[in-house]
Amino acid sequence: VRSFDARTTGGGSLFTLSAHTKPVSAMAYNPRIPNLLATGSTDKSVKLWDISNNQPSCIVSKELSTGAVFSAAFYQDSPFLLAVAGSAGKMVMWDILESPPVRRKYGNLSQTQWE
């Protein structure tokens, strides 16, 4: 995965991350939590990344029983919910706050902040 700033011309990539063991097939930026990126792959895993300062670090990786991941999207009204769908023919809603690393990093953000 490579990140570019479309506002600049001729610039190189801001960062490159080797996200998965197979191709990345889904990606979603969180619309409410700055610098939170989700990637999904045909390796059947979903990873959450902190991309602050263009220095990505993996927060958590999880397999959600969707098979190869083809789609991922954060829920606009509740930014801690991530919908993931894949080759197994089902969609899974992942409450990312259930993951201890996510809770440690973002648990101080109040749900009422999104209302």
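These legends describe close-up views of one predicted model. Local features are given only where pLDDT is at least 70, side-chain atom pairs count only at pLDDT 80 or more, and totals for chains, interfaces and linings use all residues. Residues are numbered from 1 along each chain as its sequence is written, and side-chain values use heavy atoms, with hydrogens and water left out.

**View 1. The sheet of 4 strands has the order β3-β4-β5-β6.** The sheet is open, and its pairing is antiparallel. β3 and β6 (57-63) are the edge strands, each pairing on one side only. From one strand to the next, the twist averages 20 degrees. Strands here are DSSP runs (E, at least two residues), and helices are DSSP runs too (H or I, at least four), numbered from the N terminus. Two strands pair if DSSP finds at least two bridges between them.

**View 2. Strand β4 (residues 36-41) is largely enclosed by the rest of the structure.** The reason is burial: 6 of the 6 residues of β4 are buried, so the strand is largely enclosed. Buried means under 20% relative accessible area, exposed means over 50%, and partly exposed lies in between (1.4 Å probe, protein chains only). Both faces are covered. L36, A38 and G40 are buried on one side, and L37, T39 and S41 on the other.

View 3. Strand β3 (residues 24-29) pairs with β4 in the antiparallel sense over 5 bridges. Y29 has L37 in β4 as its bridge partner. Most residues other than glycine have a negative phi. N35 has a positive phi, near 70 degrees, and is a residue other than glycine. With 35% relative accessibility, N35 counts as partly exposed.

View 4. β4 and strand β5 (residues 45-50) are antiparallel and pair over 5 bridges. A38 stands opposite L48 in β5. K44 is in the loop between β4 and β5. Its phi is positive, near 75 degrees, in a residue other than glycine. K44 is partly exposed, with a relative accessible area of 45%. On to β6: 6 bridges join β5 to β6, and the two run antiparallel. K47 has S61 in β6 as its bridge partner.

**View 5. D50 forms a salt bridge with K105.** The closest N and O atoms are 2.9 Å apart. D50 lies in strand β5 and K105 in helix α1 (residues 100-106), so the pair ties together parts that are 55 residues apart in sequence. A search of the whole structure finds 1 salt bridge. The term means a side-chain nitrogen of Lys or Arg within 4 Å of a carboxyl oxygen of Asp or Glu. D50 is buried, at 9% relative accessible area, whereas K105 is partly exposed at 39%.

**View 6. The sheet of 3 strands has the order β7-β8-β9.** This sheet is also open, with antiparallel pairing. β7 (69-75) and β9 (91-95) stand at the edges with a single partner strand each, so one side of each is left without a neighbour in the sheet. The twist averages 20 degrees from one strand to the next. Strand β8 (residues 78-86) pairs with β9 over 5 bridges, in the antiparallel sense. A83 has M93 in β9 as its bridge partner.

Conventions. Axes are lines fitted to C-alpha atoms, for helices over the stretch in contact, and angles run from 0 to 180 degrees between N-to-C directions.
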